[in-house]
Structures are given as C-alpha cells and as structure tokens.
Amino acid sequence: QCSSGRIRWSLWSLPSLLPMPWCCIGSSASSSPPVSADTLLPLSANQENTQHSLTNHKQPPKNAILVTNGGDGLFIDRLRSSNWTVESVSPSSVEAVVSRSKPLLILLDSRIDDLPSVAKSIRSIVEDDSLLTVISDRSVSEKRRRSLAKANIVHFVSWNSREISLIEYVARVVGRLRILPALYTALDEVEEAIEVCDESHTVAYVNSAYERLTGCVRSQVIGQPDSEIRRKSLPSSFGGRRNCDWSCLRVSTSNAGHCVYLRRRVSEGFNHDQHFAGGQMHRDLSLKSIRSQGGGLVDAPISEVLSLLREASVLCEGGEAAKYIKDAVRLLSSQEIYAPSITRFRDGDRIATQYYDGLIRLQQPGRQRKRSVVDAYRDKRSCSDARRRVSGEVRQALENEHLWTFDVLQLERVSEHHALSQLALKLFGRWKVCEMLQCPEDTMTRWLLSIEAHYHPVNAYHNATHAADVLQATSFFLDAPSVATYVVESHAAASLIAATIHDLDHPGRGNAFLINTRQSLSILYNDLSVLENHHVALAFQLTLQQSNNINILANLPREEFASMRSCIVEMVLATDIRRHFEYLAKFNQMELTDERESEREAHSITICNMLLKCADISNPAREWALCERWAHRIVQEYFEQTREEKEKALPVTMAFFDRETCNVPLTQVGFVDMFAREAFSCWTQFARLPQVLKQLEAVSSPSRISSTSILMRGSRNFAEF
C-alpha cells in the first residue's frame, strides 16, 4: 500500500521537473528526520546490484531509544556496531525524548514497572511508523504477551540476541514510508501529468497536473484498470507545434513491473529512447515559458519560435551564434513583426521616409526619454485630498483604496452609487494625473462626473461601480515596484483613464448579441471589438466636445495628445476577451533583460495592456465575500441576455446561463480555468504579487465550489440564491 516500487526509479529524475528556482514545499513528513537516497533502495534488492551503491555511500545513522532503568546487552551492542544510535532513557522522560528525536525503533525493557501503561503512553504520542519492541532476558509468558498486545506491542527480542536483520528490514521500510509524503508533494508540483499503475495494471496514483490537464478527478481514476484508449481519449491541453503524448517508464521491482505514464511535450524530431537512456526527463526550460500550473492554453506559434531560439542560445552560449540568436529574439519580440522599420530609410531615401511617416506611422515618436512611474511618483503618497469635501462614511470607505482587500461595493453604498467619481478623484490626485495632463482639478471633476453619468446604473454588472473596481485594481498593480520600474509616466496616467472609461455606455449585452441582432454599433465597427471601440470612441467624443467644457487633454501639446490617445485606445481595445490569448502571448514573449531605450515604450504599453486585462477580470481573485457578490451580478446580466436571445430566436451565446438550470459556481470556476488562472499566473509572477494568485486559487478551490453548490441545492432560481 505504500507504493513501494511504484514511483521509486521515476523520482531520480525529479530535479528536472520541479519548478525553478528551488523552493521549500511543506508536506506532512516535514518534521521527520532526513532520509538519504540509500533508504530508497529496493527492500529485497539483488545483493550484487546494491553492493556497489552501499560501498560508495555512507549509510545514514538510524536512531533508537532504549527505555530502561539501567541495563545493556549483546543486542544493543550489535545495533550500535551496525550504525544505529541507541539512547537510553528512563520511563519518566521517554515522552519528551520520543517527541524530539522521532526514533525508528523504541525498545522497552521488560523489567520496568507497569510496562503496559508505559507502552500505551508512548503509543499515544509516537508516529505510526515507529516500531515498539519489548527487550527481555527470558521468554515472555503468554499472559504477558496478551497484556502487551492491548498496547499494540507484539514484537519481542532478547538481550543476548545478535540477530537484527528483521529490525534492519523494518528500518528501511519506515525510512521509505517517511520520505513518501515529500515525494508525493513533489509530484503534485510537477507540471506534467503523471499516472502510475501497479503490477496488476490498475491506476494507483495520479498527480494534480493530471487532474488539471485532463479534467478527470483523482478519486474517479485511481482503482480503474490501465487503459491506453482512455489515456488517448483524454482532452489535450497543449497547443502549438509540439507533440503531446504519453510516455511509459517501466519500473523493475522485486515482485513485478510497475508503470509510470508521463504526459509530456516532445519536440519535433525528439528521440524518446535516446533521451531517457541516461535516466533523465526532458522539460522545456524556456526563460519565457511563464504559465500557470494548469498551463498550455497559450502557445502561439511566435511564442514557440522564441522559446526554441532561447533554448538554442543557451546551447551555444558564449559563441558568435548566440549573439545573432539574441538579436533575432529581440526583433521577433517586436509588437509588429511585419511592419517596416524606419531605420531602413535613414541613409538617403527621404521620399520613402516621408511616405512612411505620413501614411503608415501617422504619429511621430517622442524624442524625450520617458520617465518611469518610479521616477515620477516617488512622493506620490504625500499628495493630500484635504481640499475635497466628502462625507465621513465615504472618506472611511476610501481609506483602504491602496489594498487588494478594498471593498468597492461598500463605497458604492455609502456614496449612493457614485463610487467611480469618488474613487477616481482620490486616485487621480494620488497619481498626479492632473499634473501629467496639465489639467485644472475642477475640469477633471466635471469630466469624471460626466463619464460616470454615461454608465448605465440599471446594468447589474457593467456599470460605474465595475469601472471603479477595475480602476482600483489598476492603481494597485501600478503600485507594485516591479511593475512601476517598467511603466513610463504617461502610460500610468493613460492606464488609469482607460480603466475609468473601459466599459462606458455598456448596454448590458455582449459583442455577440450586438452582432447577431445587427445593431448599429456592430455595423459601424464591422463586427470587430464592437463594444470596446464604442467605449473609447464615446469617451473621446465627450471629452473633446467643446460645449461640455470637460476636455482634460486640452493643454497637452499635439504630439503628447496623439501619444496619450493612442495609448488609451490600445489599452481599452485590449480588454476585448476575444483577443485575450493574443495579448497574453505578447506579454509572455516580452524580453526585459538588457532592455534597450528604443524598446522601453513598447514594453511599457505591453505591460499596461496586460495590467488592464487582469484588472478587468480580477473579481475571482478578490476576497470571497466580494467575489461571490460580483459573480451574482455578472450572471444576472448573462441570464437576461440568454432570455432575450431565446425570445428573439437568436443564436444563444452561452446556453449554460439559463436562470432555471445554471450552476453558478461551476460557471465561475470555468471562467477561472479558461481565462483568469493563466493570466494571473503570468501577471502575478511578473508583478511579484503571489498573494493575489493565492486568493484566486483559494476562491476556486474544490472545497469552496462544493460548499457553494450545496447552498444552491433546493433553490429553483438564481434570485432565491
């Protein structure tokens, strides 16, 4: 049952599978003393095969405790000569010693008083993998044996015996038992799916990656017969241009052959037999393969090319080829790899240069070095909002706006549905947006109130409070030092404005609905990012309309206005969920090491696009109380859209959002699996915000889903829930 030979030899190659860099992962065996690799040798290994290993490795010491009031014998001497450490303790102090040393063997002197009581006391604190044995100078009577059996002691040895082979055998079993929790913990951290079958070809173990990548539940798989057809029928989660197949590693043990099936990526032309000849497993160690534990949804061809080039540069590091490969990676990492570069025209073709500027590029690049957020806002927290008159409740609700635990729904309540304008006034003041835009504060106030008024309060989800929530998340992400280092000052201001307007005038229906109903907006924007184009276009129409007197961009020079507008438009368009994986792939292929000044602005835009995308879908990463309420709101909109689609005989966009049959928790977990987990895994690793990813995983955990689903049983519709 301890999977004795089941995973032993496959684990020699675990270092190549474990996440990098090295980290400590707790397991239930963390308090046990370390066990060396020798402990994992086969219990009945062939003597010839194991002798070489035993002679080249010093065997680890094995600890035992002798509970006695005084005494010694040949048996104890034999243990000590076989690398055992035997500590003699009195019955009164045995509990403290056992708790401290976690012995493999506990010897109880048969001569101590009230032996059964002492044995029961030790058994109550000792680990199940410690062996309790009575040591006696004469044979133990049957009556005495029955008495000790009540304390689960059935093993007896003689003081004068020199035979310790059974004790040695048990020690090796115990050593292997103690290391197994740590090994299983390591297997659960491996990104490749692993299935282990015993000698009867029955599934004995699958790891967490197996569950994530195949969609099968561990409890339903373990105990099932081994089936190649079943493995091949499992859904593939790996995209791109690499093969994904199951590799079988056969394990020879003392009794029968066990099998370890590993689902791994195999590069084109990869020779499996040759690669595993040395007992090692291959893993893609691309520097930019930042993906979640359930990864594999995002593998654009350009990402695969960059990954392969980076691997090649490592193989020829130091040579001239490495330099050319590095330059190729830099060029391919460009935002527009097919756009011509103006550097080709610099040396003489003046007409071509002007054609390029006038018809292709349209906007002139700034000649000034862009300051990072770190440079520009070192003292941003010193900004005071004392001049703003707000109620005490609103001021209190805004106190934690810099924390991830900020409750925007509480602000919505106390501000009477003016959460966006109230929060934006404080955040724009803290980030000195008015200074950046050279805009009077009263103009900014009027602009925010106008923007807020063009959100639809009747929408359950896509309203001004959602915009406020995205704005707060954007500010929180910008606060992260690793983000601020790479984001330039103007892009930080643009991202805050983009967050504020990103769902302006949202009708409460999705792009697919507008296209299927042939709405004027879908015709206007040719079915491409319909709502996103409308949000940002309306925002600029309102801003630039002179009669509104709310032009916060009026004082910007023409060049800076064009740059700011371009950034805001791109960031809002990046929130189109249809292009989610495209932007995620661009973010992952970004190379920030040895960043050139010419690349700084492009990288900053890429980071801000990703930042706003994550802020827009951040509800599942909030605390459970907030996450649950946001989930209720979004499904309300989807329920209404589904109802209207059915009434108008339109294609149903998402049929599972039927008010009468919808399993709300599963729909939200499905969204996390499809979109949020991958994005937040990449983003939080870059931004160094592990607590956000941890919160996302906690909210979408099986226990949380199960408890929420139970609450829904018996509710005939969502409103009752």
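This is a predicted model: local features need pLDDT of at least 70, side-chain atom pairs count only at pLDDT 80 or more; totals for chains, interfaces and linings use all residues.

Tutor: Let us look at strand β4, which pairs with strand β5 (residues 156–158) in the parallel sense over three bridges. Strands here are DSSP runs of E with at least two residues, helices are runs of H or I with at least four, and both are numbered from the N terminus. Two strands pair if DSSP finds at least two bridges between them.

Residues are numbered from 1 along each chain as its sequence is written, and side-chain values use heavy atoms, with hydrogens and water left out.

β4 also has strand β3 (residues 105–109) as a partner: the two run parallel and are joined by five bridges. There, T133 in β4 stands opposite L107.

Now for the faces of the strand. In a regular strand the side chains alternate between the two faces of the sheet. In β4, L131, T133 and I135 lie on one side and L132, V134 and S136 on the other, and all are buried. Buried means under 20% relative accessible area, exposed over 50%, and partly exposed in between, with a 1.4 Å probe and protein chains only. Because six of the six residues of β4 (residues 131–136) are buried, the strand is largely enclosed by the rest of the structure.
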